[in-house]
Amino acid sequence: MEKKWYQKVSNWLFGIVVVILLSILAINIHITIQARNNENVVPSVFGYRPFFVLSGSMEKEIHKGDLIITKIIEPSTLKINDVIAFRDEENTVTTHRIIDMIERDGNTYFVTKGDNNNTQDQNLVEYKDVEGIYVGRVPLVGTILNELAKPVNAVILVMGITIIFILLFQRTSRKIKLEEQAEFLAYKKEKELALKNMEKIQKEINEATTTPKKATMTTTTKKASSSKKGTVKAAPKKSATKTSTAKKVATKSTAKKTSTTKKVATKKTTAKQTSRKHS
């Protein structure tokens, strides 16, 4: 049975969400491990560093609870109006905008300010404090990842995703099994129907082959019967012919006998007359 379009879309969306969550979880675990190994260095993934936004100082562009992505960059390439992530005196990473650049004792310092703040930051930012330049954000993901950073929540998420995958796999396997059974039954029914049709066609062929033989045998029998009937009827004719022949023979023999008798009688009479004359 073919899936409906909304079922396909929901499956795709679920798969995408699961992949995203697993990717984020893997990245988060990687970052957590790096942070524990070296607390003085912000963890990075392929040259990018994620940060959780904990305040609304950059709102209208960056909101509290967002996950921001910064790229590691050479500080000397930065310019005014760039948004950078840097470490402050409390060793906390802050993301503010560069509003000015100052040269002191051959060193360059950045003057920064939050877009939602009324005043600029009190401390200047040195090159060594720069963690990266802001390149993008993912709304509200920071709060989620902050919660997932807790070991208990990470274990619960992994177990939940695993259970969902198992349930979906069982459901899919059951549906596939039912579909295979339905296809098998349909194939079996179709095969039986085809076999019945073949038997029917074979029966018709056999009947069509047997019928002419019967007709030939019937015709031969009729001819034989008619021949016998003709012979029986013709027998009297032969008898009549024989009778007439016999009569003719008898008549001829009678005529011959009569003529012979007459000749004999005539001879006798003539002999008597001759004898009388001699006497």
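Colleague: How many residues sit between β4 and β5 in their hairpin, and which residue in the turn has a positive phi?

Modeller: The β4–β5 hairpin has 2 residues between its strands, and Asp105 in the turn has a positive phi of about 50 degrees. Strands here are DSSP runs of E with at least two residues, helices are runs of H or I with at least four residues, and both are numbered from the N terminus. This is a predicted model, where local features need pLDDT of at least 70, side-chain atom pairs count only at pLDDT 80 or more, and totals for chains, interfaces and linings use all residues. Residues are numbered from 1 along each chain as its sequence is written, and side-chain values use heavy atoms, with hydrogens and water left out.

Colleague: Thanks! In what sense do β4 and β5 pair, and over how many bridges?

Modeller: They pair in the antiparallel sense, with 7 bridges between β4 and β5 (residues 107–113). Two strands pair if DSSP finds at least two bridges between them. Within this pair, Arg104 stands opposite Asn107 in β5.

Colleague: And which residue in the turn of the β3–β4 hairpin has a positive phi?

Modeller: That is Asn91, with a phi of about 65 degrees, and this hairpin has 5 residues between its strands. β3 (residues 83–87) and β4 (residues 93–104) are antiparallel and share 5 bridges. Ile84 stands opposite His96 in β4, while Val83 has Arg97 as its bridge partner there.

Colleague: What about β6, how many bridges join β3 to that strand?

Modeller: 3 bridges join them, and β3 and β6 (residues 130–138) run antiparallel.

Colleague: Why is β3 called largely enclosed?

Modeller: Because 5 of the 5 residues of β3 are buried. Buried means under 20% relative accessible area, exposed means over 50%, and partly exposed is in between (1.4 Å probe, protein chains only). Val83, Ala85 and Arg87 point one way from β3, whereas Ile84 and Phe86 point the other way.

Colleague: Now the helices. Where is Ile20?

Modeller: Ile20 lies in helix α1 (residues 5–37). Ile20 counts as partly exposed because its relative accessibility is 44%.

Colleague: And zooming out, how many helices and strands are there?

Modeller: The protein has 3 helices and 6 strands, and along the sequence the pattern reads α-β-β-β-β-β-β-α-α.

Colleague: What share of the protein's residues is buried?

Modeller: Buried residues come to 19% of the 279 residues.
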